[in-house]
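The points are grouped by topic.

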Amino acid sequence: MKKELIAAGFVISSLLSPLKALAADFSQFFVFDNSLSDTGNVFNATQSLPSGPIPPSPPYFQGRFSNGRIWVDYVGEEIGLTPTLFTNLSNTIPTQGINFAFGGANSGNSNAFVPGAPGILTQIDFFTQTLQASNQKADPNALYAIWGGANDYLFSQNPNVDQTIENVSNAIRTLNQTGAKNILVFNLPDLGKIPLVLGSENSQNLTTLTNIHNTALMKALGQFSSIPGINIIPVDINSLFDKVLANPEEFGFKYTDTSCIVYKIEINQVLRTCDNPNDYLFFDEVHPTTNAHKLVAQTALTAIKAKSVPESSLVLSMLIFGALGVGKILKLKRKQAT
């Protein structure tokens, strides 16, 4: 009987295991964001600055605002896609997707640090123009990622949560109207606990803004659920960040309240460095280290897989079907034994 129960468990497990896989192989990867996802657009666009390109490399890694690869690289590696930088586009449409993210981007059309560089809505406009130029619609089998809002609150004199949420919603809506289906949407970590503002008078205000933003974002995302075929994939970075702050050693970090380097983007100079950046959650006073980006990537991939599981009624039907099949096998074995 013990062997039969093990066999039954194996059959049910084999029924469940395909549900944990990704629903489909993504055909392309498109990214719309700020410096948290920029793999070199600002770096390419600022090559001619007298002070040198932003961010300086080294100590930053190959145009990324970190000491190594970022979440876009890690997720891209997992799904087998490397999006082409927007600043590297030629007349040929890239087959693996485009990374439109620019450091300093606000959720709207402006940029906090690089004059003329696009905000997220402008990045979306660039995407739709690219499609129109090639007479195409957005690939419904591609993966699209939006992560906006941090710069709206950190570097604005009058932060407006309603406007930021409206900008993110418009970005999602425009993508869907062009044919996009699978859309990753990241919430914000607690901005009041990043080294740039930690201990300042603005820290608690930024924590409050973060909470209001994330609550409003979830409500806005829920409104898209009625659209047939759209697959909104929320990525809860806020909970991840809280877990790391509560138990940094569990995640391999020694320091969470200070950064490895101090970088002043206004003068494009690094004022302080450290010897072991991966001991830190933050590489500079705003941006995570590459090890922290690995956690972001893992959280995003987990969210993708969770959204790939069929609806509960379908899962239940499959379990019942599997259990009935197992029951018949056990009954037959008991008859044979008799």
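Helices and strands are DSSP runs, of at least four residues for helices and at least two for strands, numbered from the N terminus. In those terms, Gln62 is found in the loop between H2 and H3. The model is predicted. The protein comprises 338 residues, of which buried residues make up 49%, and its secondary structure comes to 10 helices and 10 strands.

**Overall architecture**

- Among the contacts in the protein with a separation of 6 or more, 70% are between residues 24 or more positions apart.
- The protein exposes about 16,700 Å², and carbon and sulfur atoms supply 54% of that area.

**The largest pocket**

- The largest pocket holds about 610 Å³ of space. Its lining consists of 37 residues, and those closest to the pocket centre are Leu36, Asp284, Glu285, Val286 and His287.
- By residue class, the lining of the largest pocket divides into 27 nonpolar, 6 polar and 4 charged residues.
- At least two lining residues come from each of helix H5 (150–154), helix H8 (237–246), strand E8 (262–264), strand E10 (280–282) and helix H9 (290–307).
- Helix H8 gives the most to this lining, with 4 residues.

**The disulfide**

- The structure holds 1 disulfide, which joins Cys260 to Cys274 with an S to S distance of 1.9 Å. This pair links distant parts of the chain, 14 residues apart: Cys260 is in the loop between strand E7 (255–259) and E8, and Cys274 is in the loop between strand E9 (269–272) and E10.
- The link of Cys260 and Cys274 is left-handed, with -95° about the S-S bond.
- Cys260 and Cys274 are both buried.

- Tyr255 has its place in strand E7. Because its relative accessible area is 35%, Tyr255 is classed as partly exposed, a class that lies between under 20% and over 50%.
- Leaving aside neighbours within four places in sequence, Tyr255 is in contact with Asp279, Tyr280 and Leu281. The C-alpha atoms of Tyr255 and Leu245 are separated by 9.4 Å, and these residues are 10 residues apart along the chain.
- Lys264 lies in strand E8 and, at 32% relative accessibility, counts as partly exposed.
- With residues up to four places away in sequence not counted, Lys264 touches Gln269, Leu271 and Glu285. Glu285 is 21 residues from Lys264 along the chain, and their C-alpha atoms are separated by 9.5 Å. Glu285 is also one of the residues closest to the centre of the largest pocket.

- Asn99 lies in strand E3 (residues 98–99). Its relative accessibility is 0%, so Asn99 counts as buried.
- The contacts of Asn99, not counting residues up to four places away in sequence, are Val31, Ser37, Asp38, Thr39, Asn41, Val72, Pro83, Thr84, Leu85 and Phe86. Of these contacts, Asp38 is 61 residues from Asn99 in sequence and 7.4 Å from it in space, C-alpha to C-alpha.
- Asn176 is placed in helix H6 (residues 161–177). With a relative accessible area of 16%, Asn176 is buried, because the class takes in values under 20%.
- Asn176 touches Lys181, Ile227 and Ile230, again not counting residues up to four places away in sequence.

**Backbone geometry**

- A cis peptide bond joins Ser57 and Pro58, with omega about -5°. The peptide bond from Pro58 to Pro59 is also cis, with omega near 10°.
- Pro58 has its place in the loop between helix H2 (41–45) and helix H3 (71–79), and Pro59 is in the loop between H2 and H3 as well.
- Gln62, found in the loop between H2 and H3, has a positive phi near 45° and is a residue other than glycine.
- Asn135 lies in the loop between helix H4 (120–133) and strand E4 (143–147). Although Asn135 is not a glycine, its phi is positive, at about 55°.
- The relative accessible area of Asn135 is 72%, so this residue is exposed, the class for values over 50%.

Key
Residues are numbered from 1 along each chain as its sequence is written. This is a predicted model: local features need pLDDT of at least 70, side-chain atom pairs count only at pLDDT 80 or more; totals for chains, interfaces and linings use all residues. Side-chain values use heavy atoms; hydrogens and water are left out. On a 1 Å grid over the protein atoms alone, a cavity is a set of points where a 1.4 Å probe fits but cannot get out, and a pocket is an open set with protein on both sides within 12 Å along at least five of seven lines; lining residues have an atom within 4 Å of a point. Grid points are joined across faces, edges and corners, and a volume is the space filled by probe spheres set on the points. Ala, Val, Leu, Ile, Met, Phe, Trp, Tyr, Cys and Pro count as nonpolar, Asp, Glu, Lys and Arg as charged, and the others, Gly among them, as polar. A disulfide is a pair of cysteine sulfur atoms within 2.5 Å. Buried means under 20% relative accessible area, exposed over 50%, partly exposed in between (1.4 Å probe, protein chains only). Contact means heavy atoms within 4.5 Å. Accessible areas come from the Shrake-Rupley method with a 1.4 Å probe; for residues, only the protein chains shown count as cover.
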